[in-house]
Amino acid sequence: MDSIDQLLAELQTEYKEVQPQQQQSKSATAKSFIPPSPKSASLIDNLLAEVQADFAEQDAAIELKRQQELEQERIRQEQLKAKQVEVLKVQAKEWLAKVDPLSSEGLWFERFAESYSSKLEAAIEYLRSN
């Protein structure tokens, strides 16, 4: 947006510099000279509006692309997390099959698993923390 504002400022400066020159040349020339039409001012205003609209459109396109990239990254992160959970599930099932429920680790795990909805969920959390 800074470049748009800078471009607009330059055009306005040029326009303001041209205006006094036109006024001076008008007074120096014959009265039959046709004065500058208000159309030239509106043409410049239209041109400025078009340039500003073009920059706004480009900014919107860049923002849309950025949002799409962020969404793709979020989806990729979710897929990666889901894969990690699946791997942990397999490991947790294997660990549950191997653990001796009467060993100190097995007895500790029974107490640990009481706060979870399932032993599998507890095993996943246990393996994730280790």
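Tutor: A residue counts as buried when its relative accessible area is under 20%, as exposed when that value is over 50%, and as partly exposed in between. Please bear in mind that this is a predicted model.

The structure holds seven salt bridges, and one of them joins Glu78 to Arg74, with 2.4 Å between the closest N and O atoms. These two residues are four places apart in helix α2, so about one helical turn separates them. Arg74 also forms a salt bridge with Glu71, where the closest N and O atoms are 2.3 Å apart. Here the spacing is three residues, again about one turn, and both partners belong to helix α2, which covers residues 38–98. Arg74 is partly exposed because its relative accessibility is 38%, and Glu71 falls in that class with a relative accessible area of 36%.

A further salt bridge links Glu125 with Arg128, the closest N and O atoms being 3.5 Å apart. Glu125 and Arg128 lie three residues apart in helix α4 (residues 119–129), so about one helical turn lies between them. Both are partly exposed: the relative accessibility is 29% for Glu125 and 46% for Arg128.

Two packed helices are described by the angle between their axes and the distance between the axes. For α4 and helix α3 (residues 104–113), the angle is about 110° and the axes are 9 Å apart. Because angles of 65 to 115 degrees count as roughly perpendicular, that term applies to α3 and α4. From α3, the residues in contact are Glu105, Trp108, Phe109, Glu110, Phe112 and Ala113, and from α4 they are Lys119, Ala122, Ala123, Glu125 and Tyr126. By type, seven of the residues in this contact are nonpolar, four are charged and none is polar.

The largest nonpolar core contains 11 residues, among them Phe109, Ala113, Ala122, Ala123 and Tyr126, together with Leu88, Ala92, Trp95 and Ile124. Each of α2, α3 and α4 supplies at least two residues of this core. Helix α4 has the largest share, with five residues.

Setting aside neighbours within four places in sequence, Trp95 is in contact with Glu105, Phe109, Ala123, Tyr126 and Leu127. Ile124 belongs to helix α4 and is buried, because its relative accessible area of 11% is under 20%. When residues up to four places away in sequence are not counted, Ile124 touches Leu88, Lys89 and Ala92. Ile124 and Trp95 are 29 residues apart along the chain, and their C-alpha atoms are separated by 9.5 Å.

Methods: Residues are numbered from 1 along each chain as its sequence is written. This is a predicted model: local features need pLDDT of at least 70, side-chain atom pairs count only at pLDDT 80 or more; totals for chains, interfaces and linings use all residues. Side-chain values use heavy atoms; hydrogens and water are left out. A salt bridge is a side-chain nitrogen of Lys or Arg within 4 Å of a carboxyl oxygen of Asp or Glu. Buried means under 20% relative accessible area, exposed over 50%, partly exposed in between (1.4 Å probe, protein chains only). Axes are lines fitted to C-alpha atoms, for helices over the stretch in contact, and angles run from 0 to 180 degrees between N-to-C directions. Angles under 35 degrees count as roughly parallel, over 145 as roughly antiparallel, 65 to 115 as roughly perpendicular and the rest as oblique. Contact means heavy atoms within 4.5 Å. Ala, Val, Leu, Ile, Met, Phe, Trp, Tyr, Cys and Pro count as nonpolar, Asp, Glu, Lys and Arg as charged, and the others, Gly among them, as polar. A nonpolar core is a set of buried Ala, Val, Leu, Ile, Met, Phe, Trp, Tyr and Cys residues joined through side-chain atoms within 4.5 Å.
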